[in-house]
Amino acid sequence: MSENGTQPSTTKTDLIADVPASKARLRLWLKLLKATKHVEGELRENFRTSFDTTLPRFDVMAALYRAEAGLKMSQLSSVLRVSNGNVTGIVDRLVDDGMLVRVPVDNDRRATTVRLTKAGREQFARMASKHEAWIDDLLHGVDADEIHDMAEQLERIASKGET
């Protein structure tokens, strides 16, 4: 107790100093997971209600939007870091919906390239614009300096696994 009979205030720095670094890192990891799940859940709901689509479909279209000439299924799976089986069903439905087209690969009868159709590119552009606005809204409390610092920290963490 202080001289005036009140409890001394505890600062954020005091709380951090009392926690071993390994525990603080574990807590940070759990907060990152919680934040990621929250943002992902909001995005899933927004895609469902605004576009009657799913986040995995958006991810496939995003990868193909960046690869204008298209990608082989194995390349698409690699870019998305998922198995061919996970991508095949999504691609099938996007082809059925007229968003993608399959193109045979010259000199390889077994392989096909998938790419966005004109309608698919237009639909993706609409979704990407809304996606950016949703993310901006969800992260509105993070200022530019914090974004830069957080991005650098996360990049450093991610690059540890790339050696």
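Residues are numbered from 1 along each chain as its sequence is written. In this predicted model, local features need pLDDT of at least 70 and side-chain atom pairs count only at pLDDT 80 or more, whereas totals for chains, interfaces and linings use all residues, and side-chain values use heavy atoms, with hydrogens and water left out.

The protein contains seven helices and three strands, where helices (H or I, at least four residues) and strands (E, at least two) are DSSP runs numbered from the N terminus. Along the sequence these elements follow the pattern α-α-α-β-α-α-β-β-α-α. Of the 163 residues, 23% are buried, a term that denotes under 20% relative accessible area, with exposed meaning over 50% and partly exposed lying in between (1.4 Å probe, protein chains only). Among contacts (heavy atoms within 4.5 Å) with a separation of 6 or more, 50% are accounted for by residues 24 or more positions apart.

In soluble globular proteins, nonpolar side chains tend to be buried together. A nonpolar core is here a set of buried Ala, Val, Leu, Ile, Met, Phe, Trp, Tyr and Cys residues joined through side-chain atoms within 4.5 Å. The largest such core has 26 residues, of which Val-60, Leu-64, Leu-76 and Val-91 touch the most other members. At least two residues of this core are supplied by each of H2 (21-51), H3 (55-66), H4 (73-80), H5 (84-96), strand S3 (108-116) and H6 (118-138), and the largest share, seven residues, comes from H3. Leaving aside residues up to four places away in sequence, Val-60 touches Leu-76, Leu-80, Ile-90, Val-91, Leu-94 and Leu-100.

Helices H3 and H4 pack at an angle of about 110°, with their axes 10 Å apart; axes are lines fitted to C-alpha atoms, for helices over the stretch in contact, and angles run from 0 to 180 degrees between N-to-C directions. H3 is therefore roughly perpendicular to H4, a class that covers 65 to 115 degrees, with angles under 35 counted as roughly parallel, over 145 as roughly antiparallel and the rest as oblique. The contact is formed by Asp-59, Val-60, Ala-63, Leu-64 and Arg-66 of H3 together with Leu-76, Val-79 and Leu-80 of H4.

Gln-123 lies in helix H6 and is buried, with a relative accessible area of 18%. When residues up to four places away in sequence are not counted, Gln-123 touches Phe-51, Met-61 and Met-99.
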